[in-house]
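Hi,

Here is the structure I promised to pass on. My notes follow below it.

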Amino acid sequence: MKFNTKVIHAGIQPDPTTGAIMTPIYQTSTYVQAAPGDHKGYEYARTQNPTRTVLEANLAALENGADAICFASGLAALDAILKLLKPGDEVIATNDLYGGSYRLMTKIFGNYGIHFHFTSFDNIADLDALSNEKTKMIWIETPTNPMLNIIDIQKVANWAKSKSILVCVDNTFASPYLQTPLDLGADIVLHSATKYLGGHSDVIHGAVIVKDKAIGDQLHFIQNASGAVPGPQDCFLVLRGIKTLHIRVQRACENAMYIAEKLASHPKVAKVYFPGFENHPNHEVAKKQMKMFGGMVSFDLHDNTEEAARKVLTGTHYFSLAESLGGVESLIGHPASMTHASIPKEDRLKVGLTDSLIRLSVGIEDVEDLWDDLNKALDLV
Ligand SMILES: *Cc1c(COP(=O)(O)O)cnc(C)c1O
């Protein structure tokens, strides 16, 4: 089955009891048993729910994985993955990371004896220097947030292969339409389904997809033990969102490319971060591992003050000032004070995350309306 068919059909059958073509929302906490232990595969809804089961089967197919586990949020999914580790274990992670992931790693799991190293992944030799026999996990996000660097997943996976280090990829920014990390050698994929998978800014949801069924079983165990499950209505919304994933992401990528090019030639704009540009330092890697270059664009202003950025951030009409990304509507954000406020300033500046950096999640509106909107806001600087 090809991807554009999978989004609509993989793992999805008409409801066996009624023929309902849309997967029903099984709003129930428990399931009646004919006799103790004699049930239809469902006992209690923390452990399993049929709406969730269908979504998990669909997600496993989209990422070419053996199993998928859905969670109440992307961070609940990361929390479960990190619980595969034990005190003393070490993790090497992307230094330019989603702020909430950084916070969960350093402020919560750091207290339980797990040690995190943050690096750019520009040079594989850096991994040799940061790793030792206690290194158990690699955590990468690509494209990175908000600097939109691209990490070569295959190269990292090849490095980790002989060392029995789990390679995990946060695939939220790309979505499985653009890249499937398990095919490139990764072991675990994470999604904040809140973003492109859900796609309509109406749900918080997370998912993990694994290459190896045994790791999937461990994660199902951790989930049932810890309890961060999604509700059936949320699973329904993500299932519905996924049905148009391919069309939405394709349009968002086309619009983002147009906006990035316009920004690059605007006199008030100092720098545009977009992997679709030939002069982007990782453009060749992006071309190799992604189908298109994504719907995210970051840019910096010549006037590199927070005040200048605020004029643009409050001057747009179609680009709404909000956290999050990946919805049908365009969003504009200020990483330094919003999504990345929990990262210390000196660490932010090291990766180029200045006070005047602006991040766009380009939606699927008419692209000329979008550029007109942004252009008018830039005039305010
Ligand atoms: C939003 C996001 C998360 C966290 O997901 P939630 O659903 O908000 O918990 C993790 N990683 C990335 C890249 C994100 O954008």
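In which sense do strand β9 and strand β12 pair, and over how many bridges? Strand β9 (residues 296–301) and strand β12 (residues 358–361) run antiparallel, with four bridges between them. Within that pairing, Met296 has Ser361 of β12 as its bridge partner. Strands here are DSSP runs of E, at least two residues, numbered from the N terminus, and two strands pair if DSSP finds at least two bridges between them.

Before going on: this is a predicted model, where local features need pLDDT of at least 70, side-chain atom pairs count only at pLDDT 80 or more, and totals for chains, interfaces and linings use all residues. Residues are numbered from 1 along each chain as its sequence is written, and side-chain values use heavy atoms, with hydrogens and water left out.

Back to the sheet: β9 and β12 belong to an open, mixed sheet of five strands, ordered β8-β9-β12-β11-β10. Its edge strands, β8 (269–273) and β10 (320–321), each pair on one side only.

Now the ligand. For polar contacts (N or O pairs within 3.5 Å), a polar side-chain atom of Ser192 lies 2.8 Å from a ligand oxygen. A backbone N or O atom of Gly74 is 2.9 Å from an oxygen atom of the ligand, and a polar backbone atom of Leu75 is also 2.9 Å from a ligand oxygen. Taken alone, the ligand exposes 380 Å², of which the protein buries 93% (Shrake-Rupley, 1.4 Å probe).

Best wishes

Note on methods:
Polar contact = N/O pair within 3.5 Å; in protein donor to acceptor, adjacent residues only side chain to side chain.
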